[in-house]
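Have your viewer ready, and let's walk through this model together, from the whole chain down to a single side chain.

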Amino acid sequence: MSQAKKLYIKTYGCQMNVYDSERMAEALGTSGYVTTDTPEDADMILLNTCHIREKAAEKVYSELGRLKVHKVENPEVKIGVAGCVAQAEGAEIMRRQPMVDLVVGPQSYHRLPELEARAGQGQKALDTDFPEEDKFEHLTARPKARRAPAAFLTVQEGCDKFCAFCVVPYTRGVEVSRPVGRIVTEARDLVERGVREITLLGQNVNAYHGVGNDGDDRTLAQLIAALEMVDGLERIRFTTSHPNDMQDDLIAAFGESDKLMPYLHLPVQSGSDKILKRMNRSHTAESYIRVIERIRAVRPDILLSGDFIVGFPEETDADFQATIDLIEQVNYGQAYSFKYSTRPGTPAAERAQVEDAVANARLQQLQALITKQQRALQEAMVGRDVSVLVERKGRLDGQMLGKSQYLHAVHINDSSAGIGDIVKVRITSSSTNSLAAIEN
Ligand code: SAH
Ligand code: SF4
Ligand code: F3S
């Protein structure tokens with residue numbers, strides 16, 4: 001019997017890349033690959049990359065530099081680059097780093113077995129097409145292995161919004177939604193394998209408009225309603241949303257659904273209407289706040305998360321202050337903030353840049369405020385009862401780790417719960433990044 005070949009995948013970037021890496025492993029499973037956790041014993045090394053900021057893209061080249069030793073030790077090892085850098089830079093990657101055998105963009109993963117075969121014959125293999133066929137339909141050869149209780153499921157991919165700073169519309173292409181039936185089938189399969197919580201993924205997930213079984217389009221709220229019927233699926237989340245696509249039925253779902261968790265990641269980027277306009281965000285600070293108010297009216301305990309960019313071209317102190325004011329008004333439980341990074345080919349790249357020292361100072365000030373809000377909201381959890389989906393064992397004897405409905409990391413001490421259980425606990429203390437609890 002021939003021995004299985006080993007595949008090592010390193011994943012960068014967003015949750016969609018995490019999902020895609022699993023799909024790539026499945027696709028290459030049909031070519032006889034099993035996954036390994038170490039590059040040393042791999043027959044194929046794949047980097048699933050991110051192009052969102054300059055640092056993210058540069059990481060790929062430094063990692064390729066480090067991987068060279070494996071190729072020197074064993075010239076048979078195949079090295080591949082997938083994901084958004086692959087899409088954005090294509091053949092340029094092979095010019096900069098000739099030991100790369102294979103470059104594959106996010107829409108072509110179903111063609112991996114064919115590309116791998118070409119690379120196996122010593123040819124360079126490149127595929128960055130946006131093919132007509134649905135890549136997900138071709139990625140159905142799932143092993144029925146048990147898996148962790150929380151999983152991602154991509155329901156929508158690509159983006160038509162073209163924010164002036166962002167590469168995603170170029171690397172992931174136009175917005176495409178998967179049909180409801182396929183998503184429900186995939187969710188059932190996940191549940192059979194031990195999954196209790198699914199996070200629905202899309203670059204613009206709340207613009208979801210996949211086709212239902214009767215041929216008519218469905219909204220994200222209608223998709224969530226269909227998934228609620230899946231027995232054994234206990235928790236549903238979705239990310240990432242755009243403020244302009246928070247439709248009435250989706251907001252209402254936060255008040256009505258037992259399975260939709262009270263957590264929402266709703267990026268705003270800036271609190272200045274001038275900057276929002278230049279970012280091509282097509283919402284204002286006020287319209288964003290109104291959306292938040294409507295969600296809080298139906299789900300007062302919802303935990304809100306956001307994304308911010310500081311130092312966007314032409315951002316003044318007053319513009320930045322407007323962002324700080326917005327953060328004060330919203331009170332975030334969690335947020336991601338970034339210094340603006342110039343992305344070649346995007347409209348904002350041509351504009352006058354904010355001085356680096358100024359942007360750094362603004363980022364620090366913003367992050368300090370977010371940390372303060374996050375800590376205060378976490379402290380306020382002490383003494384409260386939450387439900388936790390247990391995901392794994394902790395370091396201490398009898399300790400189990402999991403996530404609250406608000407996505408807090410919770411350590412349960414002296415726990416009798418098993419992995420995959422959802423348990424009621426009381427929060428006993430709060431530290432920087434997690435909460436401690438005891439079972440009720
Ligand atoms: N809607 C998307 C956003 C993807 S990018 C999603 O599904 O997640 C994630 C975040 O990265 C954005 O919200 C933005 O805050 C940040 N970002 C995007 N382009 C950037 C750039 N050029 N410089 C700095 N941050 C950026
Ligand atoms: Fe990028 Fe804007 Fe689309 Fe989000 S909505 S992926 S930030 S272009
Ligand atoms: Fe990065 Fe592509 Fe995701 S650029 S954030 S991996 S969509």
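Start by colouring the charges: the chain has 53 positive and 62 negative ones, and their mean positions are 3 Å apart. Here Lys and Arg count as positive, Asp and Glu as negative, with His and the chain ends not counted; each charge is placed at NZ of Lys, CZ of Arg, CG of Asp or CD of Glu.

A word on what you are viewing: this is a predicted model, where local features need pLDDT of at least 70 and side-chain atom pairs pLDDT 80 or more, while totals for chains, interfaces and linings use all residues. Residues are numbered from 1 along each chain as its sequence is written, chains are lettered from A and ligands numbered from 1 in the order written, and side-chain values use heavy atoms, without hydrogens and water.

Now select Thr284, in the loop between α10 (273-278) and α11 (285-298).

Show its surroundings: leaving aside residues up to four places away in sequence, Thr284 touches Asp273 and Leu276 (contact means heavy atoms within 4.5 Å). Then pick the backbone nitrogen of Ser287, which lies 3.0 Å from a polar atom of the Thr284 side chain.

Key. Helix = DSSP H or I, 4+ residues; strand = E, 2+ residues; numbered from the N terminus. Polar contact = N/O pair within 3.5 Å; in protein donor to acceptor, adjacent residues only side chain to side chain.
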